[in-house]
Amino acid sequence: MRLLASMLVLATLPAVAQVTGQNVQSNANGTYTITTGTQLVVETVIVKDKKGNSIDGLTAKDFTVTEDGVTQTIRFCEHQELPQTPNPLPVTPADKEDITIYKRLANSQIASEKQSNVKYKDRRLLALYFDMTAMPAADQMRALAAAQKFIRTQMTSSDLIALLRYQGGSVDVLQDFTDDRNRLLSVIETLVVGEGQEFAEAADDASASDTGAAFGQDDSEFNVFNTDRQLSALQTAAKMLSFLNERKSLIYFASGLRLNGVDNQAQLHATIDAAIRAGVSFWPIDARGLVAEAPLGDATQGSPGNIGMYSGTAAQAITANFQQSQDTLYALAGDTGGKALFDNNDLTRGIVQAQQAVSNYYILGYYTTNPTQDGRFRRIKISVSPELGAALDYRQGYYADKQFNKFTSVDKERQLEDALMLGDPITELTISIEINYFQLNRAEYFVPIVVKIPGRELALAKRGGAEHTLIDFIGEIKDNYGGTTVTNLRDNVNIKLSDATALELAKRPIEYDAGFTLLPGKYTIKFLARDDETGRIGTYQTTFTIPNLNKELKRVPISSVVLSSQRVDLKDALYNAVKAKDQGKEAAVNPLVQNGQKLIPSVTRVFSRSRDLLVYLQAYEGAAGAQPLAAYVTFLNAQTKVYESQPILVTPQPDSRLGMTPLTFSIPLKSLAPGEYDCQVTVLDPSGQKGTFWEAPIKIVP
């Protein structure tokens with residue numbers, strides 16, 4: 001854990017630190033201010049002998065600490081004595097227990113402690129974290145029952161428990177660390193099973209209330225990114241616990257946590273790094289317990305009803321989805337020093353594992369000799385006298401804090417470039433990217449990207465009588481095979497808004513467009529956006545593949561499929577951050593720009609029933625000559641076809657060497673009920689007896 005301390009002293013004290021301020025005359029009167037900064041690093045170290053027993057009685061003189069090879073001076077050393085064998089307190093049977101119901105008011109923070117003060121000496125800190133959005137009602141009941149059982153029968157005299165809940169977009173501290181079992185049980189009794197299940201659409205306008213909670217994100221545009229929000233909430237919980245020097249264990253109750261491909265990698269990395277920096281270990285518990293999954297799904301969903309139920313594809317998909325939902329929990333535990341509990345109906349066992357893992361340990365604190373706030377990784381090495389023959393377990397390093405505001409223009413540029421190179425992603429802004437590809441010739445592909453940022457997360461400034469927002473962009477694309485940078489981007493846009501459009505910014509996203517020319521291959525893109533008014537940065541990182549469509553012989557080769565709900569004039573795109581000077585160049589190569597109008601891809605794939613769904617793609621069938629291609633769009637709900645468009649016949653453009661065939665659909669959504677669907681695009685070549693199928697999930701809202 002890393003903390004920052006500042007103090008102000010009068011000029012009459014000895015000048016022992018760097019002085020910052022402005023020059024004054026020698027005879028000027030006034031009070032001088034000296035500002036000093038110290039960065040305290042706290043490490044928890046478990047020291048055991050060859051038999052696995054704890055070694056007690058060590059002092060600061062017995063330890064040696066280095067940071068990046070530089071020896072550090074240990075300022076304090078505290079020994080925490082915790083019983084390894086459970087010693088439950090006498091508990092009244094649950095059926096005879098009279099629980100006093102306390103008035104519960106959720107807080108937004110855990111009570112902190114002073115830097116060099118150990119507030120909870122000889123106490124074990126266990127934080128029970130209930131992700132109510134990720135658990136159905138039955139799993140919520142099992143999780144709460146397991147917590148109650150542990151509190152009644154497994155707590156020891158050294159245990160302190162805090163209760164945290166993630167629900168409705170915020171992390172609430174229901175109860176700070178306490179050993180009052182009656183209070184803990186009463187708080188759990190007040191929780192309503194079924195509340196917060198899944199994400200609900202929430203208003204994001206001037207009528208929305210400010211709860212003052214520690215976590216919140218834009219709901220209107222990014223409700224679909226549930227996983228990012230769950231991971232970001234975990235990151236917030238870890239930061240809450242960072243103000244305590246002791247070793248902390250966060251027991252995370254959830255019904256799995258599934259990543260959406262590689263789209264959540266940056267947030268997963270940031271959450272794990274925040275936990276490591278805060279000295280928090282995650283102990284995930286799969287609240288589903290031991291699941292006997294039916295091959296084609298249980299009664300909560302309809303039968304697949306397609307060929308997949310006969311070929312085994314449907315059963316494999318169900319198994320894969322279940323395993324992937326546990327893989328994320330395993331990664332959270334493994335990377336932070338915890339252990340996940342899977343496939344066990346006794347959920348209390350997971351809490352006991354976290355309890356028994358924290359035995360006697362030492363708390364070491366030192367002020368780092370490297371005060372630079374560059375966000376880079378600092379490697380720590382701790383050792384004791386070789387004569388002890390001890391085995392040490394401790395955090396191997398931490399990421400330094402990052403400060404990207406209060407810089408000159410040169411410093412800001414350098415810091416933005418450094419942020420691109422950091423191993424610790426910055427997720428202060430929510431951003432998302434859609435990457436598409438279209439074949440230009442036999443060798444090259446045009447790759448347009450669309451970046452979306454919720455407007456409400458950007459700061460507006462008054463300059464020149466108008467409101468505006470300034471955004472910096474930087475990104476690079478690397479070849480996964482050679483690791484070399486094949487192209488990069490550095491841009492900034494200053495969007496001026498009228499009073500009317502500035503008010504709408506709270507409910508609409510800002511979009512930024514860019515395009516690259518790439519060869520077929522596998523690439524990694526890392527893209528950063530910074531709000532220049534506040535210095536807040538968002539990171540998006542993912543891998544993508546550009547296929548070689550020239551080698552596609554069994555299917556009709558097609559480009560990416562773009563889903564949209566609007567086509568606008570380039571000059572009227574108020575929320576499009578592409579520069580005016582680039583519009584002409586963009587229109588020449590970007591297939592999404594036609595006749596002075598641009599198709600705006602929907603990154604989140606959430607569509608309103610009040611607008612038609614626009615579908616655009618290109619097919620490449622040079623060998624087919626002038627033979628037309630047939631295509632249609634289908635909507636599926638739980639493997640049941642609810643809509644299918646009329647097939648269209650389109651002839652390849654005669655002047656195209658690739659036999660490029662543009663396919664455009666406009667699908668009315670008024671007749672479809674709000675909900676989640678699978679959108680399927682089918683392209684057929686009757687002459688070559690070939691076809692291609694593309695499918696992706698979408699969400700329709702009122």
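How many bridges join strand β28 to β32? Eight bridges join the two, and the strands run antiparallel. This is a predicted model.

**The open sheet**
- Five strands make up an open sheet in the order β25-β26-β24-β28-β32. Their pairing is antiparallel.
- The edge strands are β25 (593-594) and β32 (660-667). Each of these pairs on one side only.
- Strand β28 covers residues 613-620. Leu-617 stands opposite Leu-663 in β32.
- Strands of a sheet pair through backbone hydrogen bonds, either parallel or antiparallel.

**Gln-80**
- Gln-80 is found in strand β5, which spans residues 74-80.
- Gln-80 counts as buried because its relative accessibility is 0%, and the cut-off for buried is under 20%.
- The side chain of Gln-80 reaches the backbone nitrogen of Asp-122 at 2.7 Å.
- The C-alpha atoms of Gln-80 and Arg-123 are separated by 7.4 Å. Along the chain, Gln-80 and Arg-123 are 43 residues apart.

**Asp-286**
- Asp-286 has its place in strand β10 (residues 280-286).
- Asp-286 is buried, with a relative accessible area of 1%.
- The side chains of Asp-286 and Arg-288 are joined by a polar contact of 2.9 Å.
- Not counting residues up to four places away in sequence, Asp-286 touches Ala-254, Ser-255, Gly-256, Phe-322, Gln-326, Leu-341, Phe-342 and Leu-347.

**Aromatic pairs**
- The whole structure holds 11 aromatic pairs.
- One of them is the stacked pair of Phe-130 and Phe-253, at 5.1 Å centre to centre and 5° between the planes.
- That pair links distant parts of the chain, 123 residues apart. Phe-130 is in strand β6 (residues 124-131), and Phe-253 is in strand β9 (residues 248-254).
- Both Phe-130 and Phe-253 are buried.
- The pair of Tyr-512 and Phe-527 is tilted, because the ring planes stand at 40°. The ring centres are 6.3 Å apart.
- Tyr-512 lies in strand β21 (residues 509-518) and Phe-527 in strand β22 (residues 521-531), so this pair ties together parts 15 residues apart in sequence.
- Tyr-512 is buried, with a relative accessible area of 3%. Phe-527 is buried too, with 1%.
- Phe-473, Tyr-512 and Phe-527 form one aromatic cluster.

Notes:
Residues are numbered from 1 along each chain as its sequence is written. This is a predicted model: local features need pLDDT of at least 70, side-chain atom pairs count only at pLDDT 80 or more; totals for chains, interfaces and linings use all residues. Side-chain values use heavy atoms; hydrogens and water are left out. Helices (H or I, at least four residues) and strands (E, at least two) are DSSP runs, numbered from the N terminus. Buried means under 20% relative accessible area, exposed over 50%, partly exposed in between (1.4 Å probe, protein chains only). A polar contact is a pair of N or O atoms within 3.5 Å; within protein, one must be able to donate a hydrogen and the other to accept it, and residues adjacent in sequence count only if both atoms are side-chain atoms. Contact means heavy atoms within 4.5 Å. Two strands pair if DSSP finds at least two bridges between them. Rings of Phe, Tyr and Trp (its six-membered ring) pair if their centres lie within 6.5 Å; planes under 30 degrees apart count as stacked, over 60 as edge-to-face and the rest as tilted.
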